[in-house]
Amino acid sequence: MFFKRFRSKPNRARPTTDAEFVAAYKATGDLELLGELYERHMELVYAVCFKYLRDEADSKDAVMQLFEQLIVDLRRHEVTNFKSWLHSVARNYCLMHLRSQRVRVGVGGDTDLIDEDRPITESMAVWPDDDDAALDIERHLSRLPDALHRLPDPQRVCIDLFYLQQKSYADVADLTGYDLKQVKSYLQNGRRNLKLILQK
């Protein structure tokens with residue numbers, strides 16, 4: 001097992017549900033707790049990574065990198081369904097990894113669109129899991145910069161701030177001067193328009 005090194009206190013009372021583990025880890029920062037929680041879902045994480053990366057070694061590396069990312073991210077974000085959230089974070093990590101590879105070989109052009117060193121967090125995980133406006137992102141990453149520039153300015157700005165700069169709804173509203181209802185509307189319409197652009 002990857003995380004046996006964290007299990008040094010077998011006699012201590014343990015949480016039982018994912019939610020209890022999340023709450024306990026956020027309260028204490030105990031890596032033993034996070035390691036035990038993550039180990040429960042490692043097969044799922046590996047399966048997601050292998051689905052996108054199609055390489056055993058890269059997928060195993062991704063599993064370990066994601067654990068290191070969770071050490072920070074899980075304490076910074078409210079997570080109500082850990083399994084679903086983790087699935088989204090793993091998928092986004094892989095998509096951003098593929099994106100960075102394509103940027104390095106000169107596909108896509110706009111290297112400022114996504115900072116490959118920035119952790120993928122819960123706000124970015126919302127986009128690929130939105131079934132009503134789902135984008136086949138892994139097949140369209142190279143076209144994303146141009147597609148974004150074809151959106152109306154309010155939609156483009158809101159999508160850039162919320163998904164790519166990881167701002168909250170409230171942050172986007174403060175930065176743009178739009179109210180929350182407008183922000184959510186621009187995000188919804190922007191996702192729909194991106195889907196139409198990318199499917200052409």
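Helices here are DSSP runs of H or I with at least four residues, and strands are runs of E with at least two, both numbered from the N terminus.

Before that, a word on what we are looking at. This is a predicted model, in which local features need pLDDT of at least 70 and side-chain atom pairs count only at pLDDT 80 or more, while totals for chains, interfaces and linings use all residues. Residues are numbered from 1 along each chain as its sequence is written, and side-chain values use heavy atoms, with hydrogens and water left out.

Let me start with the chain as a whole. The protein chain has 11 helices and 0 strands, so that, under the DSSP rule I gave, its elements from the N terminus on read α-α-α-α-α-α-α-α-α-α-α. Of its 200 residues, 44% count as buried, where buried means under 20% relative accessible area, exposed means over 50%, and partly exposed lies in between, with a 1.4 Å probe and protein chains only. Taking contact to mean heavy atoms within 4.5 Å, residues 24 or more positions apart account for 67% of the contacts with a separation of 6 or more.

Helix 2 (residues 31-40) and helix 4 (residues 56-76) pack at an angle of about 130°, with their axes 11 Å apart; the axes are lines fitted to C-alpha atoms, for helices over the stretch in contact, and the angles run from 0 to 180 degrees between N-to-C directions. That angle makes helix 2 oblique to helix 4, given that angles under 35 degrees count as roughly parallel, over 145 as roughly antiparallel, 65 to 115 as roughly perpendicular and the rest as oblique. On the helix 2 side, Leu31, Leu34, Gly35, Leu37 and Tyr38 meet Val63, Leu66, Phe67, Leu70, Ile71 and Leu74 of helix 4. By class, this contact has 10 nonpolar residues, 1 polar and no charged ones, where Ala, Val, Leu, Ile, Met, Phe, Trp, Tyr, Cys and Pro count as nonpolar, Asp, Glu, Lys and Arg as charged, and the others, Gly among them, as polar.

Helix 1 (residues 18-28) also packs on helix 4, at an angle of about 95° and with the axes 9 Å apart, and the two are therefore roughly perpendicular to each other. Here Val22, Tyr25, Lys26 and Thr28 of helix 1 meet Leu70, Ile71, Leu74 and Arg75 of helix 4, a contact that divides into 5 nonpolar, 1 polar and 2 charged residues.

Most residues other than glycine have a negative phi. Arginine 54, although not a glycine, has a positive phi of about 55°, and with a relative accessible area of 62% this arginine is exposed.

What about the cysteines? A search of the whole structure finds 0 disulfides, a disulfide being a pair of cysteine sulfur atoms within 2.5 Å. Cysteine 49 is in no disulfide, and the nearest cysteine sulfur, that of cysteine 94, is 3.7 Å away, which is too far for a bond. Cysteine 49 is buried, at 0% relative accessible area, and cysteine 94 is buried with a relative accessible area of 0%.

That brings me back to leucine 151, which is buried at a relative accessible area of 4%. Leaving aside neighbours within four places in sequence, leucine 151 is in contact with Arg156, Ile159, Gly190, Asn193, Leu194 and Ile197. Leucine 151 and asparagine 189 are 38 residues apart in sequence and 9.6 Å apart in space, C-alpha to C-alpha. In helix 9 we find glutamine 155, which counts as buried at 10% relative accessibility, and which, again leaving aside neighbours within four places, touches Tyr186, Asn189, Gly190 and Asn193.

Finally, helix 10 (residues 169-176) and helix 11 (residues 180-199) pack at an angle of about 105°, with their axes 9 Å apart, which makes helix 10 roughly perpendicular to helix 11. The contact is formed by Tyr169, Ala170, Val172, Ala173 and Thr176 of helix 10 together with Leu180, Val183, Lys184 and Leu187 of helix 11, and its residues divide into 7 nonpolar, 1 polar and 1 charged.
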